[in-house]
Amino acid sequence: MAKTTNVTAGDLNYDKYANEIYDDDIRRSIPGHDNLHKELINTVREYSKDHEMMKILELGIGTGLTSETILEVVPTASLKAVDFSKQMMDGAKKRLAKFKVDYLLGDYSEMNFDTDFDMVVSVIGIHHQKDEGKRLLFKKILDSLKAGGVFIFGDLVTYKNKYKAAVNDARHYHHLVENARDEKSLEEWAHHHKFLNVLAPIENQITWLKEVGFSSVEVRYEYLNTALIIAKK
Ligand SMILES: C[S@@+](CC[C@H](N)C(=O)[O-])C[C@H]1O[C@@H](n2cnc3c(N)ncnc32)[C@H](O)[C@@H]1O
């Protein structure tokens with residue numbers, strides 16, 4: 001399977017990042033990170049009502065912040081967790097020690113997924129896929145879900161309308177300047193957002209999700225250029 005990711009884990013500098021600093025930085029740098037997770041919990045509660053033993057796939061687990069939020073709600077679930085950064089995954093292993101987690105180190109764009117998941121989750125983990133990579137991944141995610149399964153997708157997005165896109169971009173950088181811990185982390189995050197992220201308009205991503213076959217696609221949370229999309233198989 002051809003790699004469609006625009007970076008390696010090394011490019012993201014995560015291998016040198018101390019986990020505690022990362023946890024603080026992701027909350028500071030992503031507008032609405034905490035509120036997005038509150039909405040995500042509501043969705044997990046809704047979907048886990050009839051599933052005691054849910055099988056979940058998470059793409060880009062990072063240090064396990066999102067995973068912990070989910071597993072606190074459904075502690076009996078089994079989680080398959082993918083990340084291509086060993087440093088990040090080591091942080092997740094420590095954080096999630098009490099849960100049932102199977103770790104896969106590697107680039108998810110080059111992997112085949114199992115096909116029996118109740119839920120696929122990715123939060124701030126897909127914006128290094130180019131457009132075609134996103135489309136291919138959405139199809140792979142659809143195929144990995146059981147009938148009635150759900151894809152919970154939170155990420156940075158942009159907009160088709162160039163004025164709205166520009167304003168959201170400006171507000172995002174303003175947010176970074178206001179919230180950076182220090183000059184070094186501002187430099188790191190501004191570089192990441194300007195040169196490494198590949199944001200696609202939310203309208204296009206909704207269209208691609210529908211085109212690959214998701215039966216319903218709903219935006220549950222939107223703040224500046226952060227969005228939470230719920231796509232049902
Ligand atoms: C920014 S973190 C977010 C983690 C968590 N959801 C949060 O909000 O704190 C996303 C993770 O995705 C991983 N990642 C990005 N692209 C990936 C890919 N193609 N394959 C595997 N992991 C990837 C990065 O290494 C990073 O650890």
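Q: Why are α6 and α7 described as roughly antiparallel to each other?
A: In this predicted model, helix α6 (residues 162-179) and helix α7 (residues 183-196) pack at an angle of about 165 degrees. Angles over 145 degrees count as roughly antiparallel, and α6 and α7 are therefore roughly antiparallel to each other. Their axes lie 10 Å apart, and the crossing of α6 and α7 is right-handed.

Q: Which residues make the contact of α6 with α7?
A: From α6, the contact is made by His-172, Tyr-173, Leu-176 and Val-177. From α7, the residues are Leu-186, Trp-189, Ala-190, His-193 and Lys-194. In the contact of α6 with α7, six residues are nonpolar, two are polar and one is charged.

Q: Why is Val-82 called buried?
A: The relative accessible area of Val-82 is 1%. Buried means under 20% relative accessible area, so Val-82 is buried. Val-82 lies in strand β2 (residues 78-83).

Q: What does Val-82 touch, not counting residues up to four places away in sequence?
A: Val-82 touches Leu-57, Glu-58, Leu-59, Gly-60, Ile-61, Met-89, Leu-104, Gly-106, Tyr-108 and Met-111. As for Gly-62, which is 20 residues from Val-82 along the chain, the C-alpha atoms of the two are separated by 8.7 Å.

Q: What is the order of the strands in the open sheet?
A: The open sheet has seven strands in the order β3-β2-β1-β4-β5-β7-β6, and the pairing is mixed.

Q: What makes β3 and β6 the edge strands?
A: Strands β3 (100-105) and β6 (216-223) each pair on one side only. From one strand to the next, the twist averages 15 degrees.

Q: How do you know that β1 and β4 pair?
A: Two strands pair if at least two bridges are found between them. Strand β1 (residues 55-59) and strand β4 (residues 117-123) have three bridges and pair in the parallel sense. Glu-58 stands opposite Val-121 in β4.

Q: Which strands does helix α5 touch where it packs on the sheet?
A: Helix α5 (residues 131-144) touches β1, β4 and β5 (145-156). The direction of α5 makes about 145 degrees with that of β5.

Q: Which strands does helix α8 touch, and what angle does its direction make with that of β6?
A: Helix α8 (residues 202-212) packs on the sheet and touches β5, β6 and β7 (226-232). The direction of α8 makes about 155 degrees with that of β6.

Conventions: Residues numbered from 1 in each chain as written. Predicted model: local features only at pLDDT ≥ 70, side-chain atom pairs only at ≥ 80, totals over all residues. Heavy atoms only, no water. Helix = DSSP H or I, 4+ residues; strand = E, 2+ residues; numbered from the N terminus. Axes fitted to C-alpha atoms, helices over the stretch in contact; angles between N-to-C directions. Contact = heavy atoms within 4.5 Å. Parallel < 35°, antiparallel > 145°, perpendicular 65-115°, else oblique. Left-handed = near helix turned anticlockwise from the far one by under 90°. Nonpolar A, V, L, I, M, F, W, Y, C, P; charged D, E, K, R; others polar. Buried < 20%, exposed > 50% of the residue type's maximum accessible area, 1.4 Å probe, protein only.
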